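Please read the following note alongside the sequence and the model. It is arranged as numbered points, each on one topic.

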Amino acid sequence: MVLSKTSCESDDSVHSTFASRYVRTSLPRFEMPEKSIPKEAAYQIINDELMLDGNPRLNLASFVTTWMEPECDKLMMASINKNYVDMDEYPVTTELQNRCVNIIARLFNAPLKEEETAIGVGTVGSSEAIMLAGLAFKRNWQNKRKAEGKPYDKPNIVTGANVQVCWEKFANYFEVELKEVKLSEGYYVMDPIKAVEMVDENTICVAAILGSTLNGEFEDCKLLNDLLIEKNKQNGWDTPIHVDAASGGFIAPFIYPELEWDFRLPLVKSINVSGHKYGLVYAGIGWVIWRTKQDLPEELIFHINYLGADQPTFTLNFSKGSSQVIAQYYQLIRLGYEGYRNVMENCRENAIVLRKGLEKTERFNIISKDEGIPLVAFSLKDNSLHNEFEVSETLRRFGWIVPAYTMPADVQHVTVLRVVIREDFSRTLAERLVSDIVKVLHELDTLPARLNAKMVEAEENNLMINNNNNNVKKTEIEVQRAIADFWKKYVLARKASVC
């Protein structure tokens, strides 16, 4: 099933100027061609179309890594044909994955003895990691309820309304009620007090986010843990916490080492993190770590032997590439603690440069916080004439991809622009972006608004026409024509002024 939409073209064929040296006939768009074509032609046809994609380095919407060192690129290409699931055939790759799990577990302060092996698994991203962690919580809760002779058919999970869509997917796909803590203006993360109030005997876990997608803010995991301990004591429960550290898991240990959010908190039973975000690996790698072996039910782990030996597997998919696992290990040993700290500090400093530059314009409110993911979320102080979506759209002409979006329910009237600061976003680029934003603002200031408040007011004054009929309103089409005439005159005036 194809969920994405294809662009509507008048021609159902693919043309390529340079490939015509090899192929004189057009290729069908949505059917396999009858005949083969030369490899050079296939490459050129695809390459020509890909030129119209945005520049990944200027895609400031994404948290995902867009640059790695050439040496790591070589390692990834050398292992691109290895299937990660063939553990018996590729034992060294499996060993590297196990090393990554243990390094990350200790980075998150898992209660491990010196020679003890950590419990965790590599995934294709934090979405799969969250699904696996959620399944473990659900199964543990069900098993306990069965043993107590209590109903186990109505599990729920408590999160903030700011959670990433993968949590909604988990709740929907695996039949778990999603109880969301509503946001309020000026407070765009989950309130721990309200979250704990929503916990009941059917709550399989409370999910806290270390780095909200909306504004980069860290949720207060320590307060959540303390409040939940008290509620558990009062009711005889053992409701646990999962920390979604997709973005913040590779940030907090290096620049906020004193912040208690991880396995130092007794109720935190599992943590997910995206290796392809601030783990500094290309897209396609995530990790989920469990506190102890008891937190991952053995019944969820499958054992197979048809690839040559007994292999345990706990994933939603099966085959996947080995390149990202190898790249993660490269980054962990190449950078070490010092290198990751330097990268994260640099990202934070560049975020400060961008924030100060935006504040200097006196046109924006800064929504993001000082402590959190190195990003800048901001909104226009006055969006009555032009809004954040227009700023985002106009910035694309300069090559920048800066998303504009509305906040979740209850604060959906707040519209935000967001710039994610990654390793490859330099201070020079930050200063250039501010300069281009200023240009965009000046340009928009000279344009009539799409729904200019003054224009609307003027039209409302003209709605009442005196045509020997008092208080007769113009029809909707008449209003549209009047606005269209205004735009035509404006465009003609601008053309006339061009030399």
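The points below treat a sheet, then a strand and its partners, and then several salt bridges.

1. The structure under discussion is a predicted model. The remarks that follow should be read with that in mind.

2. Seven strands form an open sheet, and across it they follow the order β3-β9-β8-β7-β6-β4-β5, with mixed pairing. The edges are taken by β3 (119-123) and β5 (177-181), each of which pairs on one side only. On average, neighbouring strands of this sheet are turned by 20° against each other, direction ignored.

3. One end of the sheet in detail. How do β4 and β5 pair, and over how many bridges? Strand β4, which covers residues 156-160, pairs with β5 in the parallel sense over 5 bridges. As one example of a bridge, Gly160 has Val181 of β5 as its partner.

4. A buried strand. Is strand β15 enclosed by the rest of the structure or exposed? Strand β15 spans residues 415-420, and because 6 of its 6 residues are buried, the strand is largely enclosed by the rest of the structure. Its side chains divide between two directions: Thr415, Leu417 and Val419 point one way, whereas Val416, Arg418 and Val420 point the other way. The residues of both groups are buried.

5. The partners of β15. Strand β13 (residues 375-380) pairs with β15 in the antiparallel sense over 4 bridges. Here Ala377 has Arg418 of β15 as its bridge partner. Strand β14 (residues 404-406) also runs antiparallel to β15, and 3 bridges join the two. In this pairing, the bridge partner of Ala404 is Leu417 in β15.

6. A search of the whole structure finds 19 salt bridges. In one of them, Arg334 is joined to Glu69, with the closest N and O atoms 2.9 Å apart. Arg334 belongs to helix α9 (residues 323-361), while Glu69 lies in the loop between α1 (39-50) and α2 (70-78); the two residues are 265 residues apart, and the pair thus links distant parts of the chain. Glu69 counts as buried because its relative accessibility is 17%, under the limit of 20%. Arg334 counts as partly exposed, with a relative accessibility of 44%.

7. Asp436 and Lys439 both lie in helix α11 (residues 427-445), where they are 3 residues apart, about one turn of the helix. Their side chains meet in a salt bridge, at 3.8 Å from N to O. Which of these residues is buried, and which is partly exposed? Asp436 is buried, with a relative accessible area of 2%. Lys439 is partly exposed, its relative accessible area being 41%.

8. Further salt bridges. Asp262 forms a salt bridge with Arg264, and their closest N and O atoms are 2.8 Å apart. At 1% relative accessibility, Asp262 is counted as buried, whereas Arg264, at 33%, is counted as partly exposed. Finally, a network of salt bridges links Arg57, Arg422 and Asp424. The reader may wish to locate these three residues in the structure shown above.

How values were computed: Residues are numbered from 1 along each chain as its sequence is written. This is a predicted model: local features need pLDDT of at least 70, side-chain atom pairs count only at pLDDT 80 or more; totals for chains, interfaces and linings use all residues. Side-chain values use heavy atoms; hydrogens and water are left out. Two strands pair if DSSP finds at least two bridges between them. Axes are lines fitted to C-alpha atoms, for helices over the stretch in contact, and angles run from 0 to 180 degrees between N-to-C directions. A salt bridge is a side-chain nitrogen of Lys or Arg within 4 Å of a carboxyl oxygen of Asp or Glu. Buried means under 20% relative accessible area, exposed over 50%, partly exposed in between (1.4 Å probe, protein chains only).
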